[in-house]
Amino acid sequence: MSIITDARVIVTSPGRNFVTLEVRTKDGVTGLGDATLNGRELSVASYLGDHVIPCLIGRDAHRIEDIWQYLYKGAYWRRGPVTMTAIAAVDMALWDIKGKVAGLPVYQLLGGASREGCMVYGHANGASIEATIEAALDYREQGYKAIRLQSGVPGLASTYGVSKDRYFYEPADADLPSENLWSTEKYLRSVPPLFEAGREGLGWDVHLLHDVHHRLTPIEAGRLGRDLEPYRPFWLEDATPAENQEAFRLIRRHTTTPLAVGEIFNSVHDCRQLIQEQLIDYVRATVVHAGGITHLRRIAALADLYQVRTGCHGATDLSPVSMAAALHFGLSVPNFGIQEYMRHTPETDAVFPHAYRFQDGMMHPGDTPGLGVDIDETLAAKHPYKRAYLPVNRLQDGTLFNW
Ligand SMILES: O=C(O)[C@@H](O)[C@@H](O)[C@H](O)[C@H](O)CO
Ligand SMILES: [Mg+2]
């Protein structure tokens, strides 16, 4: 038994906000879980501190499944990003503890390694196609085998997902939501030339990805998918909002371009139809927003039955604790597809020292017992929370639009 005697929420902002749960057992073993929900961080901090932690004290940390069920079914109010992010943080922390007590890295507890490493993708951004391809060549130079291309759209002042910095990308950019203007027509005209330039500049031995960020209708997504087929994208991500899972039937009817969706999913129910009807090729649900390692394994197991692979979200607003947990999960799960890797800043890495490493286009979580990530609380305390929001998106006539 490893009785939980204490649990604390640590909110820190080394360049961006992170919420971390630390669980401690009677024999002094601690486990960490990421509880960061970009733009709504304090809601999860409160859900954990005010409602979850009191229920954890005195429980056996080894009872990961029972505690998961207790927090999911026992809350009565099931699912949703805040609830499932809080459950995810507890789940990650308990797997961390179990690994430390067993003296094993978490992936060994999940069935061991199914591959030598996890292929990751980098993010080439640019205000123009030329700048984006130049950034992509840099990523290929660094050894990436997969690169996401996101370029500014001629005629639009800003485009979501296009960082102004070569390596670091922070979407939560203001104390109140900034506003972006959107034009589907301008965007649809800009992507095929981006991929044509991508293949011309990078050739065919590198995977090229693109994130639509929910901004097309299904038929527009079908058109873009078809326009990109000659360039063989690895995937088209978030082509259309996925609350209506049936919408992907329409996209599938028009294109063979592989589809990825799910970074905002928080339970298997958000993607059950998408998976069972094979309407997608990659599911992007993440360890931090979809209930932790325990629930993500369920999603991956269902996906495996339908030849759908994982493609977990891994942006900078998922902390190094999530990155570590995602790599333990990705190293072991049979239907691993690819792992997103948006490197954190040195400021963030200093607060969260970790064992995971990048090498030759792949990442490995390392063999430190547990998740292999720590938190420097002294340093964390030097970075107080600073409210920050994701932008909102409007059409040029002012209509509030998808994001
Ligand atoms: O695929 C991605 O990485 C993006 O969609 C993210 O930047 C996402 O918008 C942010 O993580 C949201 O917080
Ligand atoms: Mg995305």
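This is a predicted model: local features need pLDDT of at least 70, side-chain atom pairs count only at pLDDT 80 or more; totals for chains, interfaces and linings use all residues.
**Helices α6 and α7**

- Two packed helices are described by the angle between their axes and the distance between the axes.
- For helix α6, which covers residues 184-202, and helix α7, which covers residues 218-228, the packing angle is about 20° and the axes are 9 Å apart.
- Because angles under 35 degrees count as roughly parallel, α6 is described as roughly parallel to α7.
- On the α6 side the contact is made by Thr184, Leu188, Val191, Pro192 and Phe195, and these meet Glu220, Arg223, Leu224, Asp227 and Leu228 on the α7 side.
- Sorted by class, the residues in the contact of α6 with α7 are six nonpolar, one polar and three charged.

**Helices α1 and α3**

- Helix α1 (residues 41-56) and helix α3 (residues 81-102) have axes that come within 10 Å and that cross at roughly 55°.
- That angle makes α1 oblique to α3, and the crossing in which α1 passes α3 is right-handed.
- From α1, the residues Ser43, Val44, Tyr47, Leu48, Val52 and Leu56 meet Val82, Thr83, Thr85, Ala86, Ala89 and Val90 of α3.
- The contact of α1 with α3 is made up of nine nonpolar and three polar residues, with no charged residue taking part.

**The surroundings of ligand 1**

- The residues that surround ligand 1 are Asn38, Gly161, Pro171, Asp211, His213, Glu263, His313, Ala315, Asp317, Glu340 and Leu390.
- When this shell around ligand 1 is divided by class, three residues are nonpolar, four are polar and four are charged.

**The position of Gly372**

- Gly372 is found in the loop that runs between strand β14 (362-364) and helix α13 (377-380).
- Is Gly372 buried or exposed? Gly372 counts as buried, because it has 27 C-beta neighbours inside 10 Å, and a residue with 20 or more is placed in that class.
- If its neighbours within four places in sequence are left aside, Gly372 is in contact with Pro105, Ala324, His354, Ala355, Tyr356, Pro365 and Gly366.
- Gly372 can also be compared with Gly112, from which it is separated by 260 residues in sequence and, C-alpha to C-alpha, by 15 Å in space.

Terms used. Residues are numbered from 1 along each chain as its sequence is written. Chains are lettered from A and ligands numbered from 1 in the order in which they are written. A residue is near a molecule or strand if its C-beta atom, placed from the backbone, lies within 6 Å of it. Ala, Val, Leu, Ile, Met, Phe, Trp, Tyr, Cys and Pro count as nonpolar, Asp, Glu, Lys and Arg as charged, and the others, Gly among them, as polar. Helices (H or I, at least four residues) and strands (E, at least two) are DSSP runs, numbered from the N terminus. A residue is buried if 20 or more other C-beta atoms lie within 10 Å of its own, exposed if 12 or fewer, and partly exposed in between; C-beta atoms are placed from the backbone. Two residues are in contact if their C-beta atoms, placed from the backbone, lie within 7 Å. Axes are lines fitted to C-alpha atoms, for helices over the stretch in contact, and angles run from 0 to 180 degrees between N-to-C directions. Angles under 35 degrees count as roughly parallel, over 145 as roughly antiparallel, 65 to 115 as roughly perpendicular and the rest as oblique. A crossing is left-handed if the near helix is turned anticlockwise from the far one by less than a right angle, and right-handed if clockwise.
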